[in-house]
Amino acid sequence: MRAMSSPRSGFGSGFRFLFEPGFFSSGPVHAALLTGTVVALVSGAVGVFTVLRGQSFAGHSLADLGTLGGSGAFLFGVGPLWGFIAAGVAVGGAMDLASTRRRASRGVATGIVLGAVQGVSALLLYLDTTSGSTTGVTVTVLFGSLFAVSGYTATATLAFALLGLASLAVCYRPLLLDSVSTDLAAARGVRVRLLGLAFMVVMGITVALSSLIVGTILSPALLIGPAATALRLTQSPLAAMGTAAALGALATGLGVLLAYDSYHWKPVGNGWPVSLFVIALLFTAYLLSGLRRPRAGTGPAPATATTEAA
Amino acid sequence: MSAPVISPMSLPAPGPAPDGPARPVLEVEQVSIRLGGRQILDRVGFTLRAGEFTGLIGSNGAGKTTLLRIVLGLRGADGGSVRVGGKPLTRRARGVGYVPQKIQIEHDAPLRARDLVALGLDGERLGPRLPSRDRRDAVARMLEAVDATRFADARVGTLSGGEQQRVLIAHALIARPRLLVMDEPLANLDLRAGQEIVELTSRVAREQGVAVLLSAHDINPLLPVMDKVVYLAEGRAVHGRTDQVVRSEVLSELYRHPISVLRVDGRILVVAGATVRAEAFDAGERDVRADTAARPAGLPEVHAG
């Protein structure tokens, strides 16, 4: 689609079973593999907390609203990463500040911000496509541009990803406690409002990074998909985060490979988007994880045993 | 009983517990708060000593949860003071364990019972935590103490209400607090599970020398273990031993309404109205029960009059 030049370099020079020629020597592929993998690691880890804290809706909305940042960035001539990041941080912060501690009102606040900002992003996308030179902008914003990530942007992406992981490591225990009970955390002296705000900012950054890779339409899937699968397979928070991060990284790596290979596929040597493969792999993993019987707890197991028998 | 006539507003401070040191663990003085134009608490005061099990009794809406939240530092009061271990409330490390009424964890959340108990050690700290044998052992011992070892590796969200309470008690006590605050732990439990939780709390608290402040709307499940009672009604509180406080004349003054306290088979019934005599009730005169609307302690009907 937005066929960046390099992956075509080995086109037509033979066909091997798994790795098309040039896969291991292509610069854009290296950059895509590195940034994609690191971003998937952060997304998986942050995604577990997103699900634990019951903020999947906020994560989804952040991605939708990343469209605002991405389209705005093109209009102002800066890289989409900065647009995504700015939108993610600003919108995440706004959603947290507009909400109260109760989960129900958090959803309402998210919805209100979502509605307002989506109107503006629609306008910006319209302006991009009408006043800009190509319609490629919309495609890049909505479907990602992993093969175009290079140099400076790649470095910035890695830096933000590490920042997200570090923040998560620092806030790990209070976040867990807060996900069990906000009162419990507050009674132990955790500054729960500040913690909630910090997490929304980290989530904003994470969603921004995944928007860059798989686009704003599919970035919630990169955030929630691996986490949802990991929750089915693991019992403890660290195991869940590790599993989700590994799943995300694996799916992204395989997605990059398949996207590269797809330049040689019929009917046209045009390539398929990375995001398609990444999400397809994640969704397959989620479906497969459902086949695994949930490990029996001592709780209300009988009900689940009958409905989820594999 | 020859206790002096006790004014609800000025009960003498209870003496030191028979087996506890004199130093108060919790001092609540003159705490008042108005919410939504209603006086929820009006100069409430009481003192807890080490190892004492105190029931905070009152009907729904009497202000139990508000009072506990003030004690925990989760909300401020309009006036008065709360001191834990002789020190005013601060944000951090107050030596108070807390068991909330509800937790918000989902069924599929990957958090095992042992993870939640471990968070009781240092869940408020920032930064990564290194696993250590000492921590694992402390968690295992605490789980054993609350009889939760068999579901230690199950997800918290899949546990029953009683099992979750055990895990939360272990979470609250593993850091060795001086005070354990429990908000309506019996509200969502069946009678048997509730009785088990009360006995467990009492046993573990005595072993650790922890003072317990446990709120409930029914006094009866607490009778076997309770040293003191804080009875909350009409925004005010009386505090003392159960036999000092739960008496017709004390509660009548607290409610500002005639109240009768009946003792039946070792259980206590708090009844609106002054005409009921215990022997009449014991004799089984059904019409007496009917026209005075006998109700367990603290149901809203008691102070509706």
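Two residues are in contact if their C-beta atoms, placed from the backbone, lie within 7 Å. With that in hand, hello everyone. In chain B, residues 24 or more positions apart account for 68% of the contacts with a separation of 6 or more.

Before we go on, some housekeeping. This is a predicted model, where local features need pLDDT of at least 70, side-chain atom pairs count only at pLDDT 80 or more, and totals for chains, interfaces and linings use all residues. Residues are numbered from 1 along each chain as its sequence is written, while chains are lettered from A and ligands numbered from 1 in the order in which they are written.

Let me start with confidence. The model scores ipTM 0.78 and pTM 0.78. For single residues we have pLDDT, the predictor's confidence in each residue, from 0 to 100. Chain B has a mean pLDDT of 80, with 81% of its residues at 70 or more. Residues 1–20 of chain B, though, have pLDDT below 50, and this stretch has 33 contacts in the model beyond near neighbours in sequence. Residues 279–305 of chain B also stay under 50, and there the model has 50 contacts beyond four places in sequence. Where pLDDT is low, the predicted coordinates should not be read in detail.

Now chain B itself. It has 9 helices and 12 strands. Those are DSSP runs, numbered from the N terminus: helices are H or I of at least four residues, strands are E of at least two. Of the 305 residues of chain B, 47% count as buried. Buried here means that 20 or more other C-beta atoms lie within 10 Å of the residue's own; 12 or fewer makes a residue exposed, anything in between is partly exposed, and the C-beta atoms are placed from the backbone.

Please turn to helix α7 of chain B, residues 248–255. Which of its residues are buried? They are V250(B), L251(B) and L254(B). These residues cover an arc of only 90° around the axis, which puts them on the same side of α7(B). The arc is taken from the directions from the helix axis to the C-beta atoms. As background, an α-helix has 3.6 residues a turn, so residues three or four places apart point the same way. What covers the buried residues of α7(B) includes, in chain B, β9 (228–233), β10 (236–241), α6 (242–245), β11 (259–264) and β12 (267–272).

Some backbone angles in this part of the chain deserve a look. Most residues other than glycine have a negative phi, and most peptide bonds are trans. R256(B), which follows α7(B), has a positive phi near 55°. E234(B), in the loop between β9 and β10 of chain B, also has a positive phi, near 55°. With 16 C-beta neighbours inside 10 Å, E234(B) counts as partly exposed. In the loop between β11 and β12 of chain B we find D265(B), with a positive phi near 50°. D265(B) counts as exposed, with 5 C-beta neighbours inside 10 Å.

Next, where the chains meet. The contact takes 38 residues from chain B and 31 residues from chain A. On the chain B side, the elements giving two or more residues are β6 (96–99) and α2 (113–122). Of these, α2(B) gives the most, with 4 residues. How does the chain B side divide by residue type? There are 18 nonpolar, 6 polar and 14 charged residues. Nonpolar covers Ala, Val, Leu, Ile, Met, Phe, Trp, Tyr, Cys and Pro; charged covers Asp, Glu, Lys and Arg; the others, Gly among them, are polar.

Not counting residues up to four places away in sequence, L126(B) touches V170(A), C171(A) and P174(A). L126(B) counts as partly exposed, with 13 C-beta neighbours inside 10 Å.

Finally, chain A. Helix α2 of chain A has 21 residues, 56–76, which at 1.5 Å a residue should span 30 Å; its end C-alpha atoms are 30 Å apart, which agrees. The expected span is 1.5 Å times one less than the number of residues. Of those 21 residues, 16 are buried, so α2(A) is largely enclosed by the rest of the structure. Just after α2(A), G77(A) takes a positive phi of about 75°.
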